[in-house]
Amino acid sequence: MLDSLKLSPADRVLELGTGLGWNAALLAERAGPGRVVSVEVDAQLTAAAQTRLHAAGLDVEVHTGDGAAGWPPGAPYDRLIATYAVESVPWAWMEQTRPGGRIVTSWGRLGHVALTVAEDGRSASGWVQGLATFMPARGTDQGLEWSHIPRTGQDDSPSCFPCPVREFW
């Protein structure tokens, strides 16, 4: 996904889904000090990421908020990356990415898309770039629970895989 982002030094980037800060650190190393803003929905993860990034000597703004809303105070961004899957791209992301800027996000359960914002800022186009995916956005249907997935075979324990691993070689 970082390759699809086409991040250049001095690009201003918004990351959505900070987690523990690893991806924000990679972005900051490429873009430079003070060029990365990251938003995390979970306040505890926000605090942990801030601590880790500060300890690493990286200048990254980390905020607690809903990634679907982006982070308007820092807009416009040259690049926007979401490290969680969405079913549709929120309009706020378009509004906060400059014309010619790039948006990369996991999309559904299919892979990740890379979009380039049109010069008029009213649309974006792109395509599925690869199979990198992340967990879905909070509030999205998470799919079937383990107990609802049909299984066959004699052993119903969730830890047992009925096929010898060597057969996959």
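Q: What covers the buried residues of α2?
A: This is a predicted model. In it, the cover includes α1 (2-5), β1 (13-16), β2 (36-40), α3 (43-55), β3 (60-64) and β4 (77-86).

Q: Which residues of α2 are buried?
A: Helix α2 spans residues 22-31. Its buried residues are N23, A24, A25, L27, A28 and A31.

Q: And what follows α2?
A: G32 does. Its phi is positive, near 110 degrees.

Q: OK, on to β2. Why is β2 largely enclosed by the rest of the structure?
A: Because five of its five residues are buried.

Q: Which residues sit on each side of β2?
A: V36, S38 and E40 are on one side. V37 and V39 are on the other. Both faces are covered.

Q: How do β1 and β2 pair, and over how many bridges?
A: They pair in the parallel sense, over four bridges. E15 stands opposite S38 in β2. With α2, these two strands make a right-handed β-α-β unit.

Q: How many bridges join β2 to β3?
A: Five, and the two strands run parallel. V39 stands opposite H63 in β3. The chain gets from β2 to β3 through α3, in a right-handed β-α-β crossover.

Q: Zooming out, how many helices and strands are in the chain?
A: Four helices and seven strands. Along the sequence, the pattern is α-β-α-β-α-β-β-α-β-β-β.

Q: How much of the chain counts as buried?
A: 41% of its 169 residues.

Q: What about the accessible surface?
A: It comes to about 10,100 Å². Carbon and sulfur atoms account for 57% of that.

Note on methods:
Residues numbered from 1 in each chain as written. Predicted model: local features only at pLDDT ≥ 70, side-chain atom pairs only at ≥ 80, totals over all residues. Heavy atoms only, no water. Buried < 20%, exposed > 50% of the residue type's maximum accessible area, 1.4 Å probe, protein only. Contact = heavy atoms within 4.5 Å. Areas by Shrake-Rupley, 256 points an atom, 1.4 Å probe, with all protein chains shown as cover. Pairing = 2+ DSSP bridges. Right-handed = clockwise from strand over helix to strand, strands pointing away.
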